[in-house]
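Please find below some comments on one chain-to-chain interface and on one residue elsewhere in the assembly. They are set out as numbered points.

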Number of protein chains: 6
Amino acid sequence: MVNKDEIVNFLDEYLDINSFPDKSRNGLQVEGKEEVEKIAFAIDACMDTFIKARAFDADMLIVHHGLIWGGIEYVRGLVQKRLKFLLENELNLYAAHLPLDLHPEVGNNVQLLKLLGLEPKEPFGSYNGLSIGYTSEFDEPKPLPLVAQILVEKLKTDYVKAYEFGVEEIKRVAVVSGRGGFTIPEAIEKGVDLFITGEFLHDDYHTAKEGRLSVIAAGHYASETLGVKALMPVLREKFRVKTVFIDNPTGL
Amino acid sequence: MVNKDEIVNFLDEYLDINSFPDKSRNGLQVEGKEEVEKIAFAIDACMDTFIKARAFDADMLIVHHGLIWGGIEYVRGLVQKRLKFLLENELNLYAAHLPLDLHPEVGNNVQLLKLLGLEPKEPFGSYNGLSIGYTSEFDEPKPLPLVAQILVEKLKTDYVKAYEFGVEEIKRVAVVSGRGGFTIPEAIEKGVDLFITGEFLHDDYHTAKEGRLSVIAAGHYASETLGVKALMPVLREKFRVKTVFIDNPTGL
Amino acid sequence: MVNKDEIVNFLDEYLDINSFPDKSRNGLQVEGKEEVEKIAFAIDACMDTFIKARAFDADMLIVHHGLIWGGIEYVRGLVQKRLKFLLENELNLYAAHLPLDLHPEVGNNVQLLKLLGLEPKEPFGSYNGLSIGYTSEFDEPKPLPLVAQILVEKLKTDYVKAYEFGVEEIKRVAVVSGRGGFTIPEAIEKGVDLFITGEFLHDDYHTAKEGRLSVIAAGHYASETLGVKALMPVLREKFRVKTVFIDNPTGL
Amino acid sequence: MVNKDEIVNFLDEYLDINSFPDKSRNGLQVEGKEEVEKIAFAIDACMDTFIKARAFDADMLIVHHGLIWGGIEYVRGLVQKRLKFLLENELNLYAAHLPLDLHPEVGNNVQLLKLLGLEPKEPFGSYNGLSIGYTSEFDEPKPLPLVAQILVEKLKTDYVKAYEFGVEEIKRVAVVSGRGGFTIPEAIEKGVDLFITGEFLHDDYHTAKEGRLSVIAAGHYASETLGVKALMPVLREKFRVKTVFIDNPTGL
Amino acid sequence: MVNKDEIVNFLDEYLDINSFPDKSRNGLQVEGKEEVEKIAFAIDACMDTFIKARAFDADMLIVHHGLIWGGIEYVRGLVQKRLKFLLENELNLYAAHLPLDLHPEVGNNVQLLKLLGLEPKEPFGSYNGLSIGYTSEFDEPKPLPLVAQILVEKLKTDYVKAYEFGVEEIKRVAVVSGRGGFTIPEAIEKGVDLFITGEFLHDDYHTAKEGRLSVIAAGHYASETLGVKALMPVLREKFRVKTVFIDNPTGL
Amino acid sequence: MVNKDEIVNFLDEYLDINSFPDKSRNGLQVEGKEEVEKIAFAIDACMDTFIKARAFDADMLIVHHGLIWGGIEYVRGLVQKRLKFLLENELNLYAAHLPLDLHPEVGNNVQLLKLLGLEPKEPFGSYNGLSIGYTSEFDEPKPLPLVAQILVEKLKTDYVKAYEFGVEEIKRVAVVSGRGGFTIPEAIEKGVDLFITGEFLHDDYHTAKEGRLSVIAAGHYASETLGVKALMPVLREKFRVKTVFIDNPTGL
């Protein structure tokens with residue numbers, strides 16, 4: 001049993017929660033039980049996730065997409081239902097959005113690179129003056145289908161889609177998990193061969209194609225499971241708490 | 001028993017809740033029970049008030065100062081405690097700030113004038129391009145102490161303080177309940193004899209004095225009890241609900 | 001042969017091009033030949049489209065997604081290539097984004113409804129204080145798979161995906177073409193049964209699901225082909241010009 | 001006799017006048033005589049104060065609340081009267097608002113702590129990203145009435161009001177002079193036992209009470225006399241000028 | 001003798017002083033004597049003008065360029081000297097900037113057209129969403145040198161410079177007094193033959209030349225003497241006051 | 001022959017192009033030929049300049065006033081004509097506005113001082129928090145007409161106008177090329193004897209006069225020819241390219 005404040009203080013510091021401009025209100029969004037024995041991890045704060053967290057007897061839930069973006073103006077409808085459930089069950093809700101994308105150890109983007117056997121090389125992906133992704137480089141160039149195949153296997157998802165717009169052999173890679181298409185012009189300018197992200201939108205299609213930049217869309221959900229999963233052993237070792245991952249895929 | 005949405009829709013329209021720029025999120029701030037039999041009325045959304053509302057078996061609480069100003073960024077500490085209480089007890093919370101100051105029938109300012117036997121004459125008190133108070137005029141000029149005495153008796157408060165900075169006999173009056181001192185320059189410019197408000201702040205003292213404008217501070221709390229009280233019979237008649245006023249004075 | 005200004009003036013007025021706040025610079029974005037004999041229509045301003053327009057001997061190209069959003073800061077890279085091609089070939093480029101989404105006759109959303117045999121009922125889909133979509137209602141409720149099947153056939157696309165989150169029989173429908181997910185909370189609040197849009201994003205999945213709102217994603221590209229296509233006969237009849245539709249699907 | 005620029009330059013630097021975001025235009029607000037022999041000190045820039053300063057033959061007046069906040073848009077009414085008096089009498093007016101609240105030696109907040117025999121411990125009271133107050137700690141815990149009594153005696157004011165909302169014995173104290181109630185949530189979060197300020201407003205009552213934070217309101221005027229008074233010997237010693245304090249209490 | 005408020009109220013209404021977004025604080029900028037017998041008129045609020053106004057025993061000075069733009073942050077240096085002079089001499093200062101450019105009777109632009117025997121035809125010259133100038137048309141086209149010659153004679157200035165960039169015979173004219181070059185693109189778009197303004201800047205030279213728009217620069221000072229001069233008889237007739245024009249040319 | 005990117009990268013760094021807040025989009029505004037053999041230099045981006053640059057067989061044009069300020073919203077009219085010409089002739093356009101005013105070696109202001117035999121002493125001329133000019137000092141005071149005469153001779157322009165408002169013998173000088181009048185209050189406050197700029201506007205006349213600050217207006221065009229001219233030998237030496245200066249004076 002650990003006091004919730006100890007975990008929150010550790011995470012706030014470990015993830016450097018107050019250093020990044022983010023619409024997500026990062027940190028402890030909803031306060032619950034004082035003592036924490038079991039922590040659930042998930043991607044999205046929603047009723048399905050909350051119900052499973054309670055079924056697992058979790059005292060705290062750590063998510064990538066929290067409940068509060070900007071500020072809650074009215075506690076009505078879905079917001080009321082979700083808050084009521086959390087407060088009645090005294091389930092602590094901790095959210096980490098950008099801090100869990102760009103973290104140099106457990107961040108979604110570093111973890112995505114690791115799936116491909118790569119190390120982060122340079123910060124990439126400017127968002128509000130912040131680099132939220134990374135570039136990297138294969139020692140041996142690889143064909144696009146092979147890179148895609150590795151992701152299918154490691155992410156255990158059949159969502160992965162590959163768009164071959166550039167060179168046949170991929171050497172330089174840039175990664176921005178989730179919906180990272182807004183950084184495609186930067187990838188083109190920096191001469192990257194392949195851009196890996198979660199969702200690939202219509203708007204970005206022709207830019208990538210004309211810029212001869214190949215793209216892999218690995219799924220918004222799938223590409224963002226890595227960060228919270230990497231956080232699990234960190235908290236287990238630090239606090240001797242029990243952990244559980246709640247899989248709640250959207251197929252998107 | 002009335003469905004809460006009927007009451008909310010009526011109040012939204014009756015108080016014209018969406019027409020005024022206000023930091024308060026006016027309207028149903030926290031959703032509770034579907035069916036409403038008893039409504040409590042109070043000035044401030046706080047634990048003391050909530051606990052009394054529950055003790056009275058209220059299904060809805062209508063206040064002048066709600067819980068949400070701007071937006072809730074974190075459900076922690078006091079905010080968590082208050083929201084948890086409301087949601088666990090399924091107590092609907094409805095807030096009306098500026099709409100209940102300026103309303104032509106039940107508004108705090110019109111009601112303050114009525115205590116003095118006056119009718120609103122002209123809109124007064126510009127706030128974000130909105131007039132939130134009124135001016136009025138005595139048929140017979142009255143000395144300041146007499147006006148103060150009437151307020152002491154009618155408001156049943158000994159907070160009332162009178163500052164005699166101008167003429168001996170008061171004819172023209174301007175009223176802005178709560179903390180209305182920011183409209184003192186307007187009162188001076190318009191040649192008013194007496195400005196009535198709730199709290200009178202240090203900052204406004206010399207402006208009023210040099211502008212030869214007498215001031216009565218009737219108490220922030222006391223001056224804002226009138227609006228919600230005037231709303232009580234309106235809802236009783238309209239919906240046949242029971243009502244109760246929760247007195248929770250701050251002495252300020 | 002028609003002078004380009006006549007066509008531009010007609011379109012500016014017909015589409016009410018200057019009345020909507022839009023990041024797209026709507027209207028004649030790039031000035032080309034004075035005289036126009038043939039007009040090409042497409043969804044996206046990109047090299048593939050430009051090259052085909054020239055191959056068809058078009059003098060003007062009308063698109064939904066133009067070249068200029070906000071303003072061009074540097075004429076370099078892709079922007080230079082695209083502008084150079086247009087200017088060297090004196091191809092007029094006319095763009096209409098929001099004005100072609102919300103137009104009551106040729107707009108993407110009205111046209112989407114027509115595919116389903118429906119008429120627009122009420123404005124829907126608030127965007128910068130503007131309604132860009134519509135609601136409608138089936139005379140006879142229809143099961144979701146049937147609605148999806150009609151869209152597959154009429155749009156001639158196998159992209160269409162249906163998410164059954166609510167009632168079995170669909171009666172009330174709301175439509176926002178392209179990436180319309182930001183209006184899902186409005187659809188839930190208004191009690192709509194089915195929301196039809198182009199792209200459906202991860203972020204909106206749980207909101208729709210918990211709000212019991214079924215969703216059809218018909219493809220960003222496919223859902224936005226309808227507006228420009230509906231504009232073709234209008235210009236043919238008005239100006240006796242030749243027209244051609246350039247199909248350049250992204251599969252997104 | 002000292003040149004006014006020498007005094008102004010010294011004060012600008014000593015009070016670090018240009019480093020803080022403040023609505024007050026800090027520094028020499030109104031230029032008067034070149035040579036300065038006697039300096040008057042007061043809290044508020046108003047006619048009463050100006051007339052007394054002239055009666056004392058002062059060449060410069062240093063105040064906490066100046067004439068110019070933002071900017072003067074029209075020299076009419078009270079503003080005209082005040083400016084006319086200053087300019088005709090060539091009375092230099094120097095204002096220091098936030099710089100005189102937070103100064104580590106002569107600031108209102110440090111001086112308030114000194115009355116209680118305390119030293120500033122940590123910066124406190126975030127205002128536009130600036131800490132304007134301090135926390136401190138009694139070696140021996142003291143009951144609230146005793147702390148209030150010391151302030152009554154040292155400040156020579158009977159305004160002082162104490163609100164006992166928390167522990168009986170006060171150890172940790174936070175101080176923000178004037179109207180400092182906006183920092184009450186910060187005081188609660190930091191576990192302070194007593195918050196000392198000038199004016200205590202209705203709005204902050206329930207927050208303090210539920211947060212179990214005791215409050216002393218020492219008077220806006222009284223709590224802000226300390227800074228300018230502490231500045232007097234500094235200028236006497238530095239420039240051999242004569243000084244006089246103008247007491248012009250508002251009772252608020 | 002007229003009370004100053006009567007004149008101010010008349011001017012505020014006649015010039016519609018509060019209807020235009022202007023950096024100039026239009027209206028009575030500095031309050032002086034209560035009673036007004038003589039009014040001086042000038043272009044610029046400066047010491048030269050003030051001294052002459054006093055020499056003429058004026059009680060009020062009406063100018064096109066006042067003392068206050070935005071707001072006065074410090075009464076020091078030139079600002080102090082000017083304000084001190086006005087306040088010590090109790091000289092009322094009234095300013096009208098944009099309201100005196102665009103006024104349909106006495107405005108600088110209408111008056112400039114009248115010098116050429118022209119009537120205003122359409123509003124022209126968009127500035128913050130406001131039209132501050134006018135277009136007009138000669139019945140008989142005139143060569144540029146002839147138009148320039150008329151202005152030299154009527155304005156009694158040898159500043160006038162003509163730039164022949166377009167057609168030889170001028171028919172359509174647009175006028176924006178002072179520094180109006182920012183409206184040159186609008187003049188080109190509207191197919192005007194000649195643009196008349198006060199100062200013509202380097203920045204606008206090539207735009208006018210490539211747009212084949214001839215330009216006459218009549219002098220900033222000279223082009224803005226017309227409005228205040230036209231106001232003189234209006235006030236003489238209305239209030240039976242004496243008037244005097246103070247000529248203080250800058251040669252610019 | 002040099003690759004254009006090498007020159008652009010060198011200039012971006014040498015002029016520190018991305019460090020200054022500027023409405024001008026500094027850097028390579030329009031991309032042209034890959035290989036550069038001859039570079040033209042001019043003040044203004046306009047058709048006259050472009051046509052001459054092509055006549056000189058230039059591959060790149062470097063200007064002080066570029067084509068893009070903020071962003072291009074529509075490629076129509078003059079903008080279309082200019083862009084079309086540049087793109088069809090593959091003429092690279094490089095613009096440097098503030099970076100070429102304030103550069104410590106080739107900047108317009110340092111170069112203006114050098115004409116007078118002076119070295120920059122202190123940064124001067126605050127613009128968006130940036131110092132864009134310099135002050136300097138003559139070893140031997142000089143009469144104003146002599147300083148003006150030197151500029152006439154060295155700049156080979158008869159535009160130069162001198163306004164003697166202050167001391168007879170000039171010692172301290174401040175320089176801001178182009179339209180620098182907005183820094184005149186700063187020059188007065190800093191006790192400068194002479195302010196040298198390009199254009200001197202009506203608005204600044206009385207401020208300079210009352211502040212006893214003499215002014216020399218050397219012509220906007222003339223005062224800004226120095227920077228690009230000083231850049232010519234730098235690029236010749238660095239890249240062995242040919243250079244040509246295109247003189248296109250506006251007389252303003």
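How many residue pairs does the rule find in polar contact across the interface of chain C and chain A?

1. This is a predicted model, and across the interface of chain C and chain A the rule finds 16 residue pairs in polar contact, both residues being at pLDDT 80 or more. The elements of chain C that give two or more residues to the side touching chain A are β4 (38-44), α2 (47-55), α3 (77-88), α8 (202-210) and α9 (220-223). Of that side, α8(C) supplies the largest share, with seven residues, and the composition by class is 11 nonpolar, eight polar and nine charged residues.

2. In extent, the interface brings 28 residues of chain C into contact with 28 residues of chain A, while the buried area between the two chains is about 2,400 Å², with carbon and sulfur atoms giving 53% of it.

3. As for charged pairs, six salt bridges are found by the rule across the interface of chain C and chain A. The salt bridge that C:K209 forms with A:D48 has its closest N and O atoms 2.5 Å apart.

4. Turning to chain E, E:I72 is found in the loop between β5 (60-65) and α3 (77-88) of that chain. Its relative accessible area is 8%, and E:I72 therefore counts as buried, the cut-off being under 20%. Leaving aside neighbours within four places in sequence, E:I72 is in contact with D:I68, D:G71 and D:I72 of chain D, and with E:V79 and E:L83 of chain E. The C-alpha atoms of E:I72 and E:R179, which lie 107 residues apart along the chain, are separated by 24 Å.

Key:
Residues are numbered from 1 along each chain as its sequence is written. Chains are lettered from A and ligands numbered from 1 in the order in which they are written. This is a predicted model: local features need pLDDT of at least 70, side-chain atom pairs count only at pLDDT 80 or more; totals for chains, interfaces and linings use all residues. Side-chain values use heavy atoms; hydrogens and water are left out. Contact means heavy atoms within 4.5 Å. Buried area is the accessible area (1.4 Å probe) that two parts lose on being put together, summed over both. A salt bridge is a side-chain nitrogen of Lys or Arg within 4 Å of a carboxyl oxygen of Asp or Glu. A polar contact is a pair of N or O atoms within 3.5 Å; within protein, one must be able to donate a hydrogen and the other to accept it, and residues adjacent in sequence count only if both atoms are side-chain atoms. Helices (H or I, at least four residues) and strands (E, at least two) are DSSP runs, numbered from the N terminus. Ala, Val, Leu, Ile, Met, Phe, Trp, Tyr, Cys and Pro count as nonpolar, Asp, Glu, Lys and Arg as charged, and the others, Gly among them, as polar. Buried means under 20% relative accessible area, exposed over 50%, partly exposed in between (1.4 Å probe, protein chains only).
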